[in-house]
Amino acid sequence: MTNQIAVGDTVEDFALPDETGTTRKLSELLGEGPVVLFFYPAALTAVCTAEACHFRDLAAEFAAVGARPVGVSGDTVERQQEFAGKHTLGFPLLSDPAGEIRERFGVKRGFSLAPTKRITFVISEERKVLEVVRSEIRASVHADRALAALRAHRG
């Protein structure tokens, strides 16, 4: 298993389908500002829903710092679409069923029940990692810490 990406690392570009089936490249998403890439275990589960909805509820704050959240899990495009629609998330949810990107970021777990660790990466337009947030249980920590890192980066 690869080592986890850390603060200061440069992230390689990648492409995954979003909840509409459209292929999204990290480089294109970063063209609009920093990206808060949050990996979550499974769409439509309790903690993942709380986490995603907290990102949604802070949409104005993320927009104010020019950033956007982007979710990633091993769920299918269809399941991501259901998740995004049910909770009106308003940001891309990328589908990584093969686990290639999770593996690259070092967030893939060995067992299959929850194959993705709940870890968030704040990535600058230059593809540099500004912050890494790890918390499996406290869903709101991810968006809160990501915002703090983005504000510090801008300040």
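Tutor: One term before we start: a residue counts as exposed when its relative accessible area is over 50%, and as buried when that area is under 20%. Keep in mind that this is a predicted model.

Student: Okay. Is R154 buried or exposed?
Tutor: R154 counts as exposed, because its relative accessibility is 54%.

Student: Where is the place of R154?
Tutor: In helix α6.

Student: And what does R154 touch, apart from residues up to four places away in sequence?
Tutor: R154 touches A64, V65 and G66. The C-alpha atoms of R154 and V65 are separated by 7.5 Å, although the two residues are 89 apart along the chain.

Student: Switching to the sheet. What is the strand order?
Tutor: The order is β5-β4-β3-β6-β7. The sheet is open, has five strands and shows mixed pairing.

Student: Which strands stand at the edges?
Tutor: β5, residues 93-95, and β7, residues 129-134. Each has a single partner strand, so one side of each lacks a neighbour in the sheet.

Student: How are neighbouring strands turned against each other?
Tutor: By 20° on average, direction ignored.

Student: What about β3 and β6, parallel or antiparallel?
Tutor: Antiparallel. Five bridges join β3, residues 35-39, to β6, residues 119-123. In that pair, F39 stands opposite I119 of β6.

Student: Which strands does α6 touch?
Tutor: Helix α6, residues 140-154, packs on the sheet and touches β3, β6 and β7. Its direction makes about 160° with that of β7.

Student: And which strands does α4 lie across?
Tutor: Helix α4, residues 77-86, lies across β4 and β5. The helix runs at about 165° to β5.

Student: Now S124. Where is that?
Tutor: In the loop between β6 and β7.

Student: Buried or exposed, for S124?
Tutor: S124 is buried, because its relative accessible area is 1%. Neighbours within four places in sequence aside, S124 is in contact with L30, P34, L130 and H153.

Student: Last topic, helix packing. How do α2 and α6 cross?
Tutor: At roughly 35°, with the axes of α2 (residues 46-57) and α6 coming within 7 Å.

Student: Which residues make that contact?
Tutor: From α2, E51, H54 and F55. From α6, S140, H142, A143 and D144.

Student: And by class?
Tutor: Two nonpolar, three polar and two charged residues make up the contact of α2 with α6.

Key: Residues are numbered from 1 along each chain as its sequence is written. This is a predicted model: local features need pLDDT of at least 70, side-chain atom pairs count only at pLDDT 80 or more; totals for chains, interfaces and linings use all residues. Side-chain values use heavy atoms; hydrogens and water are left out. Two strands pair if DSSP finds at least two bridges between them. Helices (H or I, at least four residues) and strands (E, at least two) are DSSP runs, numbered from the N terminus. Axes are lines fitted to C-alpha atoms, for helices over the stretch in contact, and angles run from 0 to 180 degrees between N-to-C directions. Contact means heavy atoms within 4.5 Å. Buried means under 20% relative accessible area, exposed over 50%, partly exposed in between (1.4 Å probe, protein chains only). Ala, Val, Leu, Ile, Met, Phe, Trp, Tyr, Cys and Pro count as nonpolar, Asp, Glu, Lys and Arg as charged, and the others, Gly among them, as polar.
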